[in-house]
Amino acid sequence: MAQLLFLDSWDHHDENDPLAKYNYGTDTLYWRVSASYGRHGAGIRINTGGTQPFDAANNNGNATLVQRKFFSGTSACIGVAFKLTEKPIPGNGWPFLQFLDSALQRFWLGAFDATQCAVWLLPSGRLRLVRGDFQSPTTLATSTVTFKRDVWHYLEFKLVVHDTAGSAVVKLDGATIINFSGGDTQSTKYTRIDGFRVGFNRSGAFNNRLVQLDDLYVTDGDFLGDIKVEARRPTTDSAANQDWTPSAGTLRYDMVDDLTPDESSTYVSGGVGDVNTYVTQDLVTTSGTVHGIQVCNYAYNLDFDTKTLASAIRHS
């Protein structure tokens with residue numbers, strides 16, 4: 001069974017801080033979160049710079065999200081819904097989904113040698129499996145199937161890193177379109193994956209493209225298929241575990257059920273050993289498999305020392 005490592009749907013993101021769950025992202029001028037950008041509720045839209053009103057003065061064409069050191073292993077799988085809504089892809093294509101070896105600590109723009117392998121979107125609508133970064137790419141395989149513009153697709157990319165026995169599988173809308181095995185999928189000197197990048201890190205002619213994303217997952221190596229990620233918020237305090245203190249009134253859930261975090265305006269506070277649990281909204285979807293739950297905490301340490309915060313889930 002796959003270990004679920006990461007989820008996102010952007011339904012719970014502050015529209016002014018769409019990159020809060022990521023270690024690195026280009027300036028928020030490149031990103032917008034809105035209910036009109038997703039398949040199921042909110043999604044996120046990427047603008048690659050240039051002449052769009054997000055950042056009319058910038059001409060670098062870069063828009064990426066990076067999550068690094070969330071685990072370390074030799075295999076991983078990522079899935080995300082995407083819709084290319086603007087001009088056709090120019091040039092030789094875009095590196096879109098990338099698995100990284102973040103031990104190199106090189107994630108800023110202009111240094112991409114942490115990439116093990118990536119899936120590129122090509123001008124023809126085909127997808128390409130590439131080893132290495134976009135500055136020195138090696139093509140491993142190219143699909144014959146194409147994606148369509150202005151249509152939602154679900155793209156999945158599974159990678160096993162090895163310098164001689166590596167493998168990769170790419171699926172589009174549930175169908176395998178690339179199946180590579182028995183080759184070199186290791187670009188860095190380390191045989192591991194511990195990060196991913198979603199988005200585009202090209203420049204110049206790649207300006208002024210819009211892509212929408214929704215329903216992202218990452219596992220340690222198995223496919224989940226086309227999934228739906230639902231953000232559920234507290235609706236009342238649970239009957240047990242009410243140790244934390246509300247900043248106002250007596251209702252703890254009322255302090256933490258904001259559509260987006262309101263910083264220090266409403267909150268609950270606690271100390272060592274305190275536990276709080278809440279009753280949450282029911283799932284909208286009533287059939288299918290629940291693959292996992294991700295608890296998203298928005299917390300401050302007011303003492304400026306080292307503390308550990310653990311997430312708790314009560315099943316009822």
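A strand here is a DSSP run of E, at least two residues long, and strands are numbered from the N terminus. I needed that first, because D215 is placed in strand β15, residues 210–219. I also note that this is a predicted model.

**Entry: overall**

I started with the secondary structure and got zero helices and 19 strands. Of the 316 residues of the protein, 47% count as buried. I then looked at contacts between residues at least 6 apart in sequence, and 67% of these join residues at least 24 apart.

**Entry: positive phi**

Most residues other than glycine have a negative phi. D215 has a positive one, near 55°, and D215 sits in β15. Is D215 buried or exposed? I looked it up: its relative accessible area is 0%, and the cut-off for buried is under 20%, so D215 is buried.

D150 was my other case, with a positive phi of about 60° although D150 is not a glycine. I found D150 in the loop between β10 and β11 (153–160). Its relative accessibility is 47%, so D150 counts as partly exposed.

**Entry: cores**

Which residues have the most contacts inside the largest nonpolar core? I noted F96, F157 and L213, in a core of 47 residues. Strand β6 (residues 75–84) gives the most to this core, with five residues.

I listed what L213 touches, leaving out residues up to four places away in sequence.

I checked burial along strand β7 (residues 94–100), and seven of its seven residues are buried. β7 pairs with strand β8 (residues 115–121) in the antiparallel sense, over six bridges. In that pairing I see P95 opposite W120 in β8.

From P95 I moved over to D133. The two are 38 residues apart in sequence, and their C-alpha atoms are 8.3 Å apart in space. D133 belongs to the loop between β9 (127–131) and β10 (138–142).

**Entry: second largest pocket**

Rolling a probe the size of a water molecule over the atoms shows where empty space is left. I took the second largest pocket, which holds about 190 Å³ of space. Its lining is made of L4, L5, F6, L7, A20, K21, Q67, I293 and Q294. Which strand gives the most to the lining? I got strand β1 (residues 4–8), with four residues. Sorted by class, I have six nonpolar, two polar and one charged residues in the lining.

**Entry: T245**

Last, I looked at T245, which is in strand β17 (residues 245–246). At 46% relative accessibility, T245 counts as partly exposed. Leaving aside neighbours within four places in sequence, I find T245 in contact with Y267, V268 and S269. I also took the distance from T245 to N276, 31 residues apart along the chain: 9.3 Å between C-alpha atoms.

Terms used
Residues are numbered from 1 along each chain as its sequence is written. This is a predicted model: local features need pLDDT of at least 70, side-chain atom pairs count only at pLDDT 80 or more; totals for chains, interfaces and linings use all residues. Side-chain values use heavy atoms; hydrogens and water are left out. A nonpolar core is a set of buried Ala, Val, Leu, Ile, Met, Phe, Trp, Tyr and Cys residues joined through side-chain atoms within 4.5 Å. Buried means under 20% relative accessible area, exposed over 50%, partly exposed in between (1.4 Å probe, protein chains only). Contact means heavy atoms within 4.5 Å. On a 1 Å grid over the protein atoms alone, a cavity is a set of points where a 1.4 Å probe fits but cannot get out, and a pocket is an open set with protein on both sides within 12 Å along at least five of seven lines; lining residues have an atom within 4 Å of a point. Grid points are joined across faces, edges and corners, and a volume is the space filled by probe spheres set on the points. Ala, Val, Leu, Ile, Met, Phe, Trp, Tyr, Cys and Pro count as nonpolar, Asp, Glu, Lys and Arg as charged, and the others, Gly among them, as polar. Two strands pair if DSSP finds at least two bridges between them.
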